[in-house]
Amino acid sequence: MRATAPRRPIASRALDRVGPSWSGATGATAVLALTVSALVGLHGTDWPDWAHEAQTSVSALLAGHLATFFRLAPAYGPSLLMRAPAFALSRLWGGGEVAIYRLSALPCLAAAAALALWLAGQLRHRGAGLTAQAATIAVCIASPLAVISLQQGHPEEMLGAVLCVAGVLCAQRDRPIWSGVLVGLAIANKEWGILAVGPALVALPHHRLRAMTAMAVAGLGALAPFVLVRASGFVGQTEGVALHTAGIFNPWQLWWFLGSEAQHGARTAPAWLAASGHLLPVAIMPPLTLLYLACTRRDPGRRRRDALLLLALLLMLRCALDPWDTVYYPLPFLTALLAWEATGTIRPPFIALVGTLLTWFVFQGATDLFAYRQDLFAAVFLAVSLPALCLVARRL
């Protein structure tokens, strides 16, 4: 009788069905990208926004003062709470503030690595070469914008990007509960995560009510303890961030030349814009999503495939319309663009790579080149962002 081959472990067979192999070249690329991102982004001891916005509240949380943490937490306090087990590890060896911040960034880097490996696995499953897989991993984990978000003290920007993209990917694969949970956590992580609601719902073929229920449960579950503390902390900061932007008016947005001239080349926001704050990008999500539905009503397959591109467009508009737009804001839309490209082609992610390099030039290269000439910063931003928005909108 012929010998029967032993059955392979269930986990091994499951990986074969999914397609990716998380070892060998792709695994080595992910480890290298993580190492580069962590070494460059977490080097030193100065992460300005972390020190000014989050450090005091995190110290209170680690000391066991929950009420103080909820009062002092910044608007993205739920993100800190979700990552609390990671930076609490620093207490095991008596780590200081530097160790706490570095550990708080690890879940964000791990989330980016998980998404990168999944995208690379999808490319491999469709027959893409190692170059396409390695480039996708590198752009997802160690792009200049990802590194800068770590240097500025905002690793939660990376986590929010991954949660939004993963929520839409789950919707495309008809996983309404997972999609809702991920999008809900993205909203709790940072308020701009609400821009993923429309793309996730249009990508779902069925059970949208289940997804919306999961979004509400996950999002409100993370936000509830902060909302219940109605002191001068989270609620007041969230309202201020959402509604008022008069104090910050950066040149990397569409409204710059409508502002009033101030000293040293700066401008101040028009009164109507200062009152609307960050709400403009959120306000345009419903009409743009409905327009997308109308344009794809005869092609549900395309609607699902291009939902990630709709997410990228909404996140691009978040940057273009927000008076606070700064260097790490574009990271989420570049992640969505990368995921759209990686799930629809088998070539290296040229669009996402070019978009990353152009974005870096607009926010960093042009700043060094023109040295404090803010009108020129704004002109460069308009010259790059308007054609990009038009190209994405036309493709949709």
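Me: Why are α9 and α21 called oblique to each other?

Reply: In this predicted model, the axes of helix α9 (residues 144-152) and helix α21 (residues 350-370) cross at roughly 45 degrees and come within 9 Å. Angles under 35 degrees count as roughly parallel, over 145 as roughly antiparallel, 65 to 115 as roughly perpendicular and the rest as oblique. α9 and α21 are therefore oblique.

Me: What makes the contact between α9 and α21?

Reply: Pro-144, Leu-145 and Ile-148 of α9 meet Thr-356, Thr-359, Trp-360 and Gln-364 of α21; contact means heavy atoms within 4.5 Å. By class, that contact has four nonpolar, three polar and no charged residues.

Me: How do you know which residues form the largest nonpolar core?

Reply: A nonpolar core is a set of buried Ala, Val, Leu, Ile, Met, Phe, Trp, Tyr and Cys residues joined through side-chain atoms within 4.5 Å. Buried means under 20% relative accessible area, with a 1.4 Å probe and protein chains only. The largest such set has 112 residues, and Trp-50, Phe-87 and Met-158 are among those with the most contacts inside it. Helix α7 (residues 97-125) gives the most to this core, with 15 residues.

Me: What does Trp-50 touch?

Reply: Leaving out residues up to four places away in sequence, Trp-50 touches Gln-55, Val-58, Leu-80, Ile-100, Tyr-101, Ser-104, Gln-152 and Gly-153.

Definitions and conventions:
Residues numbered from 1 in each chain as written. Predicted model: local features only at pLDDT ≥ 70, side-chain atom pairs only at ≥ 80, totals over all residues. Heavy atoms only, no water. Axes fitted to C-alpha atoms, helices over the stretch in contact; angles between N-to-C directions. Helix = DSSP H or I, 4+ residues; strand = E, 2+ residues; numbered from the N terminus. Nonpolar A, V, L, I, M, F, W, Y, C, P; charged D, E, K, R; others polar. Buried < 20%, exposed > 50% of the residue type's maximum accessible area, 1.4 Å probe, protein only.
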